[in-house]
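The following note sets out numbered remarks for the colleague who will work with these coordinates. Please read each point alongside the display.

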Amino acid sequence: MSASDEAPPRRLLHRQPGDGWVTCGDHRHWGLHGAGGLFLARGERGTPVTHVALQHRAVWSDQGGTWGIPGGAVATGETAVDGGLREAQEEAGIDPADVDVVGTHVLDHGPWSYTTVVGRERAGAHVDPRATDPEGIEVRWVALDELDALPLLPAFADALDALLALAQEEGVDV
Ligand SMILES: [Zn+2]
């Protein structure tokens with residue numbers, strides 16, 4: 001039996017309207033209204049990015065065992081940004097009040113999209129990300145020089161440079 005055959009804990013099934021698979025060409029994605037997540041970089045706006053908050057994803061989840069950002073399906077009537085921040089609170093204990101949103105990055109597949117909220121720790125806030133639901137094996141600050149050694153979720157790995165540039169507000173006057 002492969003890891004992907006393992007069932008998620010029952011209480012996670014259909015936990016909100018918006019949960020469900022969307023067919024997209026020859027593959028499928030989670031989130032009837034798309035999905036969203038939070039890419040949170042340590043330190044306040046304008047300071048160099050040293051760490052990002054990542055989630056080691058449960059083996060039963062889609063592409064399980066890889067590292068990515070906390071996130072999930074956008075709920076009915078919710079914006080993708082609000083969905084990403086809510087999921088980060090549910091899965092990683094990150095209080096949206098501690099997040100300074102600096103931008104968004106959208107992966108658009110047509111019938112489905114993933115919106116990454118890019119944020120910095122709000123000045124004076126000290127975020128302690130941690131796994132707060134069974135979707136994450138572990139959630140923690142990961143140093144940038146550790147990233148190469150971790151098995152990253154492929155879609156996250158593809159977006160990483162763009163996300164870091166947004167978090168660093170490169171090319172943007174602040
Ligand atoms: Zn797709």
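1. Leaving aside residues up to four places away in sequence, W30 touches W21, A35, D62 and A73; contact here requires C-beta atoms, placed from the backbone, to lie within 7 Å. W30 belongs to strand β2 (residues 27-30), where strands are DSSP runs of E with at least two residues, helices are runs of H or I with at least four, and both are numbered from the N terminus. W30 counts as partly exposed because it has 18 C-beta neighbours inside 10 Å; a residue is buried with 20 or more other C-beta atoms within 10 Å of its own, exposed with 12 or fewer, and partly exposed in between. The C-alpha atoms of W30 and V74 are 9.5 Å apart, although 44 residues separate the two in sequence.

2. On provenance, the model is predicted: local features need pLDDT of at least 70, side-chain atom pairs count only at pLDDT 80 or more, and totals for chains, interfaces and linings use all residues. Residues are numbered from 1 along each chain as its sequence is written.

3. Strand β4 (residues 51-57) is mostly covered, with five of its seven residues buried. Strand β9 (residues 136-143) runs antiparallel to β4 and is joined to it by seven bridges; pairing requires that DSSP find at least two bridges between two strands. Within this pairing, H56 stands opposite E138. β4 also pairs with β5 in the antiparallel sense, over two bridges, and there Q55 has G68 as its bridge partner.

4. Which residues have the most contacts inside the largest nonpolar core? They are L38, F39, L40, V52, A53 and I94, in a core of 23 residues. β3, β4, α1 (80-92), β8 and α2 each give two or more residues to this core. A second, separate core of six residues includes A35, V74, A80 and Y114. A nonpolar core is a set of buried Ala, Val, Leu, Ile, Met, Phe, Trp, Tyr and Cys residues joined through C-beta atoms within 7 Å.

5. Helix α2 (residues 154-168) has 15 residues and spans 22 Å from first to last C-alpha, close to the 21 Å expected at 1.5 Å a residue, that expectation being 1.5 Å times one less than the number of residues. α2 bends by about 50 degrees at L160, the bend being the angle between axes fitted to the seven residues ending there and the seven starting there. F156, A159, L166 and A167 of α2 are buried, and their cover includes β3 (35-41), β5 (67-68), β7 (99-108) and β8 (113-121). E169 follows α2 with a positive phi near 55 degrees.

Note on methods
Two residues are in contact if their C-beta atoms, placed from the backbone, lie within 7 Å.
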